[in-house]
Amino acid sequence: MEIKIQALHFDATEKLQEFATKKVEKLAKSYEDIQKVEVQLKVIKPQTAMNKTASLSVVAPGGTQFVEKTCDTFEEAIDLCVDALKVKMTKIKEKSRNY
């Protein structure tokens, strides 16, 4: 599984990149056939609250899945994205089992 992390409008710290990588790797437990994951981290208008957006794009057999969440911290946004993707990937896995 290839993981690509992009930080738009700011420089991501090593710690944040490691956190994102660790969380994304957990997706492989729920869906083994993931080929590529792209993580985009953005800061929207730095002076406001709820200004950090994380979006995850997962390429796997059955199509590309995309989730985007906005929160106060990148860690929280990444957590929510990974949780939403686990649900999506589980549904795809269940559908493929039924055929």
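Where does Asp33 lie? Asp33 sits in the loop between helix 2 and strand 2, and we will come back to this loop below. The model you are looking at is predicted. The protein has three helices and four strands, and along the sequence they follow the pattern β-α-α-β-β-β-α. Let's start with the whole chain and then visit some single residues.

**The overall picture**

- The protein has 99 residues, and for that length a compact globule would have a radius of gyration near 13 Å; the value here is 14 Å, which agrees.
- Along the principal axes, the C-alpha atoms fill a box of roughly 50 × 20 × 15 Å.
- Of the 99 residues, 31% count as buried.
- Look at contacts between residues with a separation of 6 or more: residues 24 or more positions apart account for 50% of them.

**Surface and charge**

- The accessible surface of the protein comes to about 6,200 Å², and carbon and sulfur atoms make up 49% of that surface.
- There are 17 positive and 15 negative side chains, and the centres of these two sets lie 5 Å apart.

**Helix 3 and its partners**

- Helix 3 covers residues 74–98, which gives it 25 residues.
- From its first C-alpha to its last, helix 3 reaches 36 Å, close to the 36 Å expected at 1.5 Å a residue.
- Its buried residues are Phe74, Ala77, Ile78, Cys81, Val82, Leu85 and Met89.
- What do these buried residues pack against? Their partners are helix 1 (14–25), helix 2 (27–30), strand 2 (36–43), strand 3 (52–60) and strand 4 (63–71).
- Leu80 is also found in helix 3, but Leu80 counts as partly exposed because its relative accessibility is 38%.
- Not counting residues up to four places away in sequence, Leu80 touches Lys69 and Cys71.
- Leu80 and Thr70 are ten residues apart along the chain, and their C-alpha atoms are separated by 9.1 Å.

- Is Asp33 buried, partly exposed or exposed? Its relative accessible area is 47%, so Asp33 is partly exposed.
- Asp33 is in contact with Ala60 and Pro61, leaving aside its neighbours within four places in sequence.
- Asp33 and Lys93 are 60 residues apart along the chain, yet a distance of 9.9 Å separates their C-alpha atoms.
- Ile34 has its place in the loop between helix 2 and strand 2 as well.
- Ile34 counts as buried because its relative accessibility is 6%, and the cut-off for buried is under 20%.
- Leaving aside its neighbours within four places in sequence, Ile34 is in contact with Met1, Leu27, Ala28, Val58, Val59, Ala60 and Met89.
- One of those partners, Ala60, is 26 residues from Ile34 along the chain, with 4.6 Å between the two C-alpha atoms.

**Two residues in the strands**

- Ser55 lies in strand 3, and with a relative accessible area of 2% it is buried.
- Which residues does Ser55 contact, leaving aside its neighbours within four places in sequence? They are Glu38, Val39, Gln40, Phe66, Val67 and Glu68.
- Thr64 is found in strand 4, where it is in contact with Ser57, Val58 and Val59, again leaving aside neighbours within four places in sequence.
- Thr64 and Val37 are 27 residues apart in sequence and, from C-alpha to C-alpha, 9.6 Å apart in space.

**Two positive phi angles**

- His9 is not a glycine, but it has a positive phi of about 70 degrees.
- His9 is found in the loop between strand 1 (2–8) and helix 1.
- With a relative accessibility of 70%, His9 counts as exposed, since the cut-off for exposed is over 50%.
- Met50 is not a glycine either, and its phi is positive at about 50 degrees.
- You can find Met50 in the loop between strand 2 and strand 3.
- Met50 counts as partly exposed because its relative accessibility is 47%.

Notes: Residues are numbered from 1 along each chain as its sequence is written. This is a predicted model: local features need pLDDT of at least 70, side-chain atom pairs count only at pLDDT 80 or more; totals for chains, interfaces and linings use all residues. Side-chain values use heavy atoms; hydrogens and water are left out. The expected span of a helix is 1.5 Å times one less than its number of residues. Buried means under 20% relative accessible area, exposed over 50%, partly exposed in between (1.4 Å probe, protein chains only). Contact means heavy atoms within 4.5 Å. The radius of gyration is taken over C-alpha atoms; the globule rule is 2.2 Å times the number of residues to the power 0.38. Accessible areas come from the Shrake-Rupley method with a 1.4 Å probe; for residues, only the protein chains shown count as cover. Lys and Arg count as positive and Asp and Glu as negative; His and the chain ends are not counted. The place of a charge is taken as NZ of Lys, CZ of Arg, CG of Asp or CD of Glu.
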